[in-house]
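Hi,

Here is the structure I promised to pass on. Have a look at it first, and my notes follow below.

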Amino acid sequence: MKPATATAGIATGTAASDLGRVLAQRERRFAAALLAPAFMALLATTTFPLLFLIGTSAFRMDLAMPFADGFVGLENYRTLLTDDRFWSSLLVSLVYTGATVVLQVALGLALALLVMDMKRGQGWFRVVAILPVVLSPAVVGMIWRTFMLAPEFGIVDYLAINAGLGSKNWLGDPLLAMISVIVIHTWQWTPFAFMVLLASLASLPEDIYEAARLDRASAWQRFRRITLPLLRPAIVMVVIMRTMVALTAFAAIFTVTGGGPGTATEILNLYAYRKSFTELSIGYGSALAVALLIVTLLISGVLFALRRAK
Amino acid sequence: MTGRGQVRFEDIVKMHGEFSALKGVSFDIEPGEFFALLGPSGSGKSTTLRILAGLDAPTSGRVFIDGRDITATDARDRDIAMVFQSYALYPHMSVYENIAFPLEMAKLPVAEIDVAVKDAARKVKIEHLLDRKPGQLSGGQQQRCALARAIVRKARLFLLDEPLSNLDAKLRMETRAELKKLQRSLGVTAVYVTHDQEEAMTLADRMAVFMAGEIQQVGRPAEIFAKPNSIDVAAFIGSPPMNLLAALFADGDVLIAGHRLKTALQAAGERDVVVGIRPGALRIAPDGLKARVELIEDLGDTKVLDLDCAGTAMRIRVGDESVPPEGAVISITARAQDIHLFDPTTRRRL
């Protein structure tokens with residue numbers, strides 16, 4: 001009897017584990033079926049266009065001269081490396097990104113530190129601060145171009161005239177135009193950095209500041225030795241997120257300067273757009289877009305490495 | 001270091017809006033003393049400590065350290081070290097960096113800092129943890145790190161805000177003894193906030209008992225235990241707490257539930273009083289106050305009996321020898337010198 005029972009036991013055990021495997025497999029299949037639509041949509045809207053873009057960049061595709069179309073391999077990239085306008089737009093992109101991100105973090109942090117010390121009105125301040133963020137960048141661009149920067153009529157120009165600086169062609173002068181688009185981007189997105197850093201500041205324990213005071217740290221030392229290191233993860237996160245957005249900024253610059261005057265504010269993204277849809281060189285435009293993708297990946301790679309460090 | 005660390009509080013009032021947290025607190029602390037601020041939560045003891053540290057400003061009154069008025073002096077410039085209840089370690093710094101921080105702020109040379117940090121770490125036995133971050137330490141180790149950070153800078157005053165309250169019972173007892181030894185060996189003035197009367201009794205040279213924003217009594221622990229000057233202090237000090245019952249005082253005796261007990265107070269006439277007798281001072285003896293044993297709490301070496309004495313709850317602490325069973329009616333008494341008498345209206349000691 002005994003061996004029989006034992007065998008039966010093993011048999012039941014095997015059956016049970018078989019059933020378990022079947023159930024698990026079914027569950028996996030069901031999960032896959034549920035995921036499929038979203039996955040397909042994602043493939044169709046992001047992966048496929050990206051691959052298509054990379055494919056297109058290997059062709060000459062010129063809507064103005066369709067007869068010359070054809071596979072050119074890396075020709076577009078070779079052209080790109082000797083294209084002065086590409087290098088200047090890359091430089092504009094880097095200057096624009098660097099300046100806006102640094103300004104956003106610096107101003108956002110300063111505002112957050114100020115607001116932390118506000119006894120009253122913090123809630124109001126937060127609401128007012130969030131307003132620029134919820135506006136569409138295109139709308140922001142239009143507001144600045146007409147309402148703020150228009151010569152003679154714009155608020156900024158009015159202030160400049162009253163300050164004795166005289167009326168300036170804010171968007172017509174290459175340097176002023178660059179400064180203007182940087183200011184506009186900073187104006188719109190500093191509240192984001194401000195909100196993230198404020199939340200992070202609010203979560204820092206108060207008692208360590210009291211301990212630091214008793215340890216005879218000055219206000220500056222408390223900021224540098226305690227606040228900054230503790231805010232570091234939040235700051236790095238803001239820098240990463242804002243860098244990616246700034247590198248691919250489009251709408252605000254497009255509506256304010258359109259990349260001009262000349263190519264003074266033409267960031268890489270805008271150059272790719274102009275090449276593709278104004279000059280209709282879709283193949284070369286694609287190569288520019290791929291170059292932007294590579295630049296973005298490189299920079300974010302560096303930033304993420306920075307985030308992991310220590 | 002004698003002569004340093006003398007503290008004087010002069011009529012300190014602290015208002016939080018309408019609420020007065022401190023209602024005119026005055027006391028003196030002598031150099032080298034271990035001084036405890038004892039009281040239930042919300043009694044103002046922590047506020048007192050924070051005012052002494054300079055973290056809060058008093059609404060009125062003056063604070064002196066070593067004879068100098070420091071009421072308006074910033075916390076930075078008071079030369080005070082403090083151990084916080086939460087330890088308040090800098091989470092991004094290693095134990096070493098935490099301990100070194102006050103010395104770096106004082107701009108000491110690196111070599112000197114290194115010697116001092118290792119010395120402080122050795123005193124609190126955490127020299128093997130110097131590379132860790134606070135997050136990697138146990139509660140007890142964090143507490144030691146906070147202690148090391150406080151003692152590394154030889155401040156003239158050493159404040160401790162319930163430093164043991166986050167430790168488990170066994171560790172608390174051990175650390176308590178070490179703390180006392182440490183303070184003695186450093187010879188520094190220590191001000192210690194606690195709600196645990198046992199901690200205050202064992203650690204303090206002298207203590208101030210706080211109740212509702214006022215100091216009820218200042219003195220040596222034994223003195224306060226033996227002669228509490230009010231009903232509130234009597235009820236707060238001692239575990240289990242003192243038995244307090246209403247009684248009639250008549251010509252040196254008190255009448256409790258029809259029974260007469262001799263007191264040490266020689267006075268003629270009759271009046272209402274509150275009688276206080278510590279559970280340990282009650283004796284089981286014939287011809288005493290009749291009481292029924294309701295419950296026996298076994299504490300191991302002693303037992304605490306909950307009694308019902310003519311409708312009034314009382315407690316008596318007895319040794320192992322003569323424990324009556326629950327439900328038994330026993331007869332209890334106390335020596336005249338163990339009976340405390342209080343005025344029921346002023347609540348003061350008679």
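Before the notes, one definition: the radius of gyration used here is taken over C-alpha atoms, and the globule rule it is set against is 2.2 Å times the number of residues to the power 0.38. Please also keep in mind that this is a predicted model.

With that in hand, let's start with the overall form of chain A. For a compact globule of 310 residues, the radius of gyration would be near 19 Å, but chain A comes out at 28 Å. Its C-alpha trace covers about 110 × 80 × 35 Å along the principal axes. Of the 310 residues in chain A, 29% count as buried.

How is chain A divided up? The domain assignment places domain 1 at residues 2-56 and domain 2 at 77-308. Taken over C-alpha atoms, the centres of these two domains of chain A are 45 Å apart.

On secondary structure, chain A has twelve helices and two strands. Following the sequence, chain A runs α-β-β-α-α-α-α-α-α-α-α-α-α-α. As for its contacts with a separation of 6 or more, 68% are between residues 24 or more positions apart.

Now to the partner chain. In the model, 16 residues of chain B are in contact with 13 residues of chain A. On the chain B side, strand E6 (80-83) and helix H2 (95-105) each supply at least two of the residues that touch chain A. That side of chain B is made up of 13 nonpolar residues, two polar and one charged.

Happy to go through any of this with you.

Best wishes

Terms used:
Residues numbered from 1 in each chain as written. Chains lettered and ligands numbered in written order. Predicted model: local features only at pLDDT ≥ 70, side-chain atom pairs only at ≥ 80, totals over all residues. Domains from an automatic or database assignment. Contact = placed C-beta atoms within 7 Å. Helix = DSSP H or I, 4+ residues; strand = E, 2+ residues; numbered from the N terminus. Nonpolar A, V, L, I, M, F, W, Y, C, P; charged D, E, K, R; others polar. Buried ≥ 20, exposed ≤ 12 C-beta atoms within 10 Å, placed from the backbone.
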